[in-house]
Amino acid sequence: MRIVVDLTRCQGYAQCVFLAPEVFELHGEDALLYDPAVPDDQLDRVRQAAAACPVQAILVGEEVSAGAR
Amino acid sequence: MPGDLREGRIVIIGASLAGLRAAETLREEGFTGPLTMVGDEPHPPYDRPPLSKQVLLGKASASATELPTRRDPEAQWRLGVRATGLDPVGKRVLLADGDSLPYDRLLIATGTRARPWPNPEEAALDGVFTLRTSDDADGLAERLAAGPRRVLVIGAGFTGSEIASACRERGIEVTVAERGPAPLVGALGGTLAKLAAGLQRAHGVDLRCGVTVTALHGNGRFTGADLSDGSHIDADVCVVAMGAVRNTEWLADSGLAAGARGVACDAGCRAFNMYGIVTDDIFVAGDAARFPHPLFEYQMLSLEHWGNAVAQAEVAAHNMVNPGPLRRPHLAVPVFWSSQFGLNIKSVGVPTFSDQVVIAQGSLDERRLVMVYGYRGRVTAAVTVNMAKWLEYYERLIETAAPFPPAPGAADRATAAAVPVPSDVPDPKVLSHGPTVALTGYLPDRRLTMVRPV
């Protein structure tokens, strides 16, 4: 699974950083860095993070090459 | 008939963010006909912003940024093949492999490519990079991981500054050469550019402004460069970050209003032809588009923004499968972000559409602030530094044409609106880095622009 964060929308509430710290981190006080390729063992945590994001900026989905070729 | 528009053949040229989001939206809106996606890179759609951040920091591989989909776009993919021409009368797109694709409606989402170093022999030296594609990022990340003695970055726009930031974070010596007076000055104006310059120097960047790079040297392998002030930089890696070129050359003979600033389209993303007549079967979205915006006096805007690519692609796709009265305008206020040297910089509106600025919240010393931009007494843009939560508030002020300087209220201090100062946005021609937001005038059929990169 892959994720992409809409950083136009992200306001740095950092809920994702608390819920899935191995995938999301704050870079400085306000900027989000994340691993776009989610390891399998982090998938549940990433889904929780996506659900908890106050501005709904996290998209979790299959990559194009996984399903649509 | 609405039903008809949900059928027929749709071709999307450009298989990156805008193309993918348009394809998903077409299916979500009930399009059932055959859909073909053409992309000149061999890779499925991937996300570019991480390439200058996570990937250069070694925290993610360039191949990891493939974009997730909201739904299966059920498309036929033609990847690794370039579109070379368009016949709008016969309604066919010509491809580099000799094939041609018939369409009923076409979406142009060909985006931009990195502006190359103008001397091809010097550009071909081993160790000279641009940064736009995942292959570029892969190669550059590998070189950074090998621990070069010094990296030379040409151009101090957002991409160049982010590359310099990643180098310093990895402990790599870096020189940044910029023809303009300061980093980011083309996008943010003089006051924030001074902050950016101070920040780069405080992080150990060897920042050289007001200079151009006159030659790259090496015997097969890049070893250094000459600057216009007579100095010489020894370096193992050179990154050319001089902005982007729009991929519109393939449309030169198409009769569309396509040029260096993009393909002109109306607020509904329909392309104009070279007579300024709007087409009804060719749509444009993303970095390749040039469109009128009512908040900025209906001037045509050319944007290189992630959020614009998504929003415009969704509007274009909606309008491709809906009849006139149900069509929507693309009116989103431009937003972009950059993270560098530990700061999160976000912008809303068009900062270059300004005559004055004022620091409404925070301060330069704290490196935490909101800079508000005004034009003839109304708010036209705001830039936040480490205060991203405030962006929406200022977006409302821009949308409602609120008076400038803004009234106290958002302010976190008594003397909020200190004295406005000139916004000090230079002519883009004097910069090494190209602007990522460009106001390109009123005429849709104006196809030419003067670009003097070096």
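Predicted model: local features only at pLDDT ≥ 70, side-chain atom pairs only at ≥ 80, totals over all residues.

**Residues with a positive phi**

- Where does Tyr298(B) lie? You will find Tyr298(B) in the loop between strand 22 (289-293) and strand 23 (299-303) of chain B.
- Most residues other than glycine have a negative phi.
- The place to look for Gln56(A) is the loop between helix 2 (43-52) and strand 4 (58-61) of chain A.
- Is Gln56(A) buried or exposed? Gln56(A) counts as exposed because it has 11 C-beta neighbours inside 10 Å.

**A cis peptide bond**

- Most peptide bonds are trans.
- In chain B, however, a cis peptide bond joins Phe404(B) and Pro405(B), with omega at about 0°.
- Pro405(B) sits in the loop between helix 9 (391-399) and strand 29 (421-422) of chain B.

**Chain B as a whole**

- How many helices and strands does chain B have? Chain B has 9 helices and 30 strands.
- The radius of gyration of chain B is 22 Å, close to the 22 Å that the globule rule gives for 454 residues, so chain B is as compact as a globular protein of that length.
- Along the principal axes, the C-alpha atoms of chain B fill a box of roughly 60 × 60 × 40 Å.
- Of the 454 residues in chain B, 55% are buried.
- If you take the contacts in chain B between residues at least 6 apart in sequence, 67% of them join residues at least 24 apart.

**Domains of chain B**

- The domain assignment divides chain B into domain 1 (2-113 + 245-326), domain 2 (116-242) and domain 3 (353-424).
- The centres of domain 1 and domain 2 of chain B, taken over C-alpha atoms, are separated by 31 Å.
- Where these domains of chain B touch, domain 1 gives 14 residues to the contact and domain 2 gives 16 residues.
- On the side of domain 1 of chain B that touches domain 2 of chain B, there are 6 nonpolar, 5 polar and 3 charged residues.

**Where chain B meets chain A**

- In the contact between the chains, 32 residues of chain B touch 26 residues of chain A.
- Which elements give two or more residues to the side of chain B that touches chain A? They are helix 8 (306-320), strand 24 (335-340) and strand 25 (343-349) of chain B.
- Strand 24 of chain B supplies the largest share of that side, with 3 residues.
- Sorted by class, the side of chain B that touches chain A holds 17 nonpolar, 8 polar and 7 charged residues.

**An open sheet in chain B**

- In chain B, 3 strands form an open sheet in the order 13-14-15, with antiparallel pairing.
- Strand 13 (213-218) and strand 15 (232-234) of chain B are the edge strands, and each pairs on one side only.
- From one strand to the next, the twist averages 20°.
- Strand 13 of chain B runs antiparallel to strand 14 (residues 222-227) of chain B, and 5 bridges join them.
- To see how the residues pair up, find Leu216(B), whose bridge partner in strand 14 of chain B is Ala225(B).

**Hairpins in chain B**

- Strand 4 (residues 83-87) and strand 5 (residues 92-95) of chain B run antiparallel and are joined by 4 bridges.
- Asp87(B) stands opposite Arg92(B), which belongs to strand 5 of chain B.
- Strands 4 and 5 of chain B form a hairpin with 4 residues between them, and Lys91(B) in the turn has a positive phi of about 55°.
- Strand 5 of chain B also pairs with strand 6 (residues 100-102) of chain B, in the antiparallel sense over 3 bridges.
- Here Val93(B) stands opposite Leu101(B) in strand 6 of chain B.
- The hairpin of strands 5 and 6 of chain B has 4 residues between the strands, and Gly98(B) takes a positive phi near 95° there.

Terms used. Residues numbered from 1 in each chain as written. Chains lettered and ligands numbered in written order. Domains from an automatic or database assignment. Contact = placed C-beta atoms within 7 Å. Nonpolar A, V, L, I, M, F, W, Y, C, P; charged D, E, K, R; others polar. Rg over C-alpha atoms; globule rule 2.2 N^0.38 Å. Buried ≥ 20, exposed ≤ 12 C-beta atoms within 10 Å, placed from the backbone. Pairing = 2+ DSSP bridges. Axes fitted to C-alpha atoms, helices over the stretch in contact; angles between N-to-C directions.
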